[in-house]
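Trainee: Could you walk me through this structure, one feature at a time?
Mentor: Gladly, let us look at it together.

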Amino acid sequence: MKWETVIGLETHAQLSTKSKMFSGAATTFGAAPNTQACAVDIALPGVLPVVNREAVAKAVRFGLAVNGNTAVNINRRSVFARKNYFYPDLPKGYQISQYETPIVKGGSITIFVDGSEKTVRLTRAHLEEDAGKSLHEGFHDFTGIDLNRAGTPLLEIVSEPDMRSAQEAVAYARVLHTLVRWIGICDGNMQEGSFRCDANVSVRPAGSGKLGTRCEIKNLNSFRFLERAIEFEAKRQIGILEDGGKIEQETRLYDADMDETRSMRTKEEAHDYRYFPDPDLLPLEVSESWIGKIKLEMPELPRARRERYVSEYSLPDYDAAALTSSKEMAEYFEKTTRLTVEMTRILIAPAGGQPVLGGIAKLASNWIKGDLAGRLNADNLDFNACPIPPAKLARLLARILSGDLSGKLAKEVLAAMWSGEDGGDPDSIIKKRSLIQISSSAALEEICDQVIAANPRQVEDYRAGKDKAFNSLVGQAMKLTKGTANPQQVSEILKRKLAS
């Protein structure tokens, strides 16, 4: 029997506020245990929660972002509820969350997998507080509790079960991760737990319209773990069903060292949590004027920017998607392209040429998502920390476009810029290393004459129809000029001379 995997994700995005969801305690990561937990967080008798206005504003931003910058999916009136269950790191014995009436309902996320576009529907996004953290390492015969994280504001984003493979789930999580960082509501730091996913996985016979019994895999904090956990869980469930067994609904944990999921507890249903409106909090009301103000502050969204890159810069869809994978990369690209246009105009206008925007944008795209992104990844840096600012990369690209520098030599210059040679100034590096490309016809004519005279056998082979001999002659010319000759001009001159 062929099986189909059905996946839905619940994603917790920690909202980047200075204080907690219902108290004034700080949310700074890495503080000493229990130094950022106030009376509200540890649930002392008589304390009352107060809603964090900035957290609400960030939830509204998300609602606008997942519905094309319209507010149709934002509930003007939402309700906070008590979700009752026992965890040692939740002092109140309940979590303040939203259930029946969340702040955001619906919306969608568009993903690309293997060149195909797919829309994943969102069920809801609701505000809630985080629990604390249990500490096991360094303790003997007991568990430590750190309540610094208790009360930290979260936006839980719940998708519909629209994904059919681990690859689709990872694509969705990556797009969502980009989006929450793009609109400035979450720093997306997965190592610190700011962005983590729970995956609901089930399998069913291919073609069936009935959902199978799902298992939830908790707290997946890397895209690689998300993919591996889903793949393992799907295989596990298929194996049980094909052996005649039955899937038990439960919550499971992914063990990265063993590359397997393990049972944690029986999966609770909504009624097990005994939701009811929190009597200490009035319904949350969001005014039209406030939504309108937040909307005016929204940045251009990734999808709109992708479409603009295709129409304005004539970039292929793939380039546009890659460049908008992070806001920092997109901003770097735009600054570099704009500055390259200006510098290229200065270099080639006197000769009667004019820069072509599409060609410049494509060249900038190739270098940014290729060589530069590769170096950043190798050094674990993002574009905000790039040691080569847009202005300096633009000067390098302008040298390529003006014909002063070949692509091969430009890579040598980029490496020197990255290491900080001559302050990372491309013009100084080019001058110091004598890398200006030889484009003078007279000089190249003389070089080609020297190559032909010094390589009679290759000349004879080429004239006898052996094309590889020609490449050898071009290589000799490049070697003679230490790579500074314009290879296209060299080819044209050699062909003309060898034909005579």
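**Reading the features**

Mentor: The sulfur of Cys 197 lies 11 Å from the closest cysteine sulfur, that of Cys 186, which is too far for a bond. Before we go on, note that this is a predicted model, where local features need pLDDT of at least 70, side-chain atom pairs count only at pLDDT 80 or more, and totals for chains, interfaces and linings use all residues. Residues are numbered from 1 along each chain as its sequence is written, and side-chain values use heavy atoms, with hydrogens and water left out.

Trainee: How many disulfides does the count come to?
Mentor: A disulfide is a covalent bond between the sulfur atoms of two cysteines. Here the rule asks for a pair of cysteine sulfur atoms within 2.5 Å, and the count comes to zero.

Trainee: Does Cys 197 count as buried or exposed?
Mentor: Buried means under 20% relative accessible area, exposed means over 50%, and partly exposed is in between (1.4 Å probe, protein chains only). Cys 197 is buried, at 2% relative accessibility, and Cys 386 is buried too, at 12%.

Trainee: What is the order of the open sheet of three strands?
Mentor: Strands of a sheet pair through backbone hydrogen bonds, either parallel or antiparallel. Strands (E, at least two residues) and helices (H or I, at least four) are DSSP runs numbered from the N terminus, and two strands pair if DSSP finds at least two bridges between them. This open sheet has the order 4-3-15, with antiparallel pairing. Strand 4 (94-98) and strand 15 (276-277) stand at the edges with a single partner strand each, so one side of each has no neighbour in the sheet. Two bridges join strand 3 (residues 80-84) to strand 15, and Arg 82 has Phe 276 as its bridge partner in strand 15.

Trainee: Why is strand 12 largely enclosed by the rest of the structure?
Mentor: Strand 12 (residues 215-220) is largely enclosed because five of its six residues are buried. Four bridges join strand 11 (residues 195-205) to strand 12, and these two run antiparallel; Asn 200 has Glu 216 as its bridge partner in strand 12. Strand 12 is also joined to strand 13 (residues 250-255), by three bridges, and that pair runs parallel. Ile 217 stands opposite Arg 252 in strand 13. From strand 12 the chain passes through helix 3 (residues 223-242) to strand 13, a β-α-β crossover that is left-handed. For the opposite term, a crossover is right-handed if, with the strands pointing away from the viewer, the path from the first strand over the helix to the second runs clockwise.

Trainee: How many aromatic pairs does a search of the whole structure find?
Mentor: A pair of aromatic rings is described by the distance of the centres and the angle of the planes. Rings of Phe, Tyr and Trp (its six-membered ring) pair if their centres lie within 6.5 Å; planes under 30 degrees apart are stacked, over 60 edge-to-face, and the rest tilted. The search finds eleven aromatic pairs. The rings of Phe 139 and Phe 142 have centres 5.2 Å apart and planes at 70°, so this pair is edge-to-face. Phe 139 is partly exposed at 30%, whereas Phe 142 is exposed at 51%. Tyr 462 and Phe 470 form a tilted pair, 5.2 Å centre to centre with 40° between the planes; Phe 470 is buried, at 7% relative accessibility.
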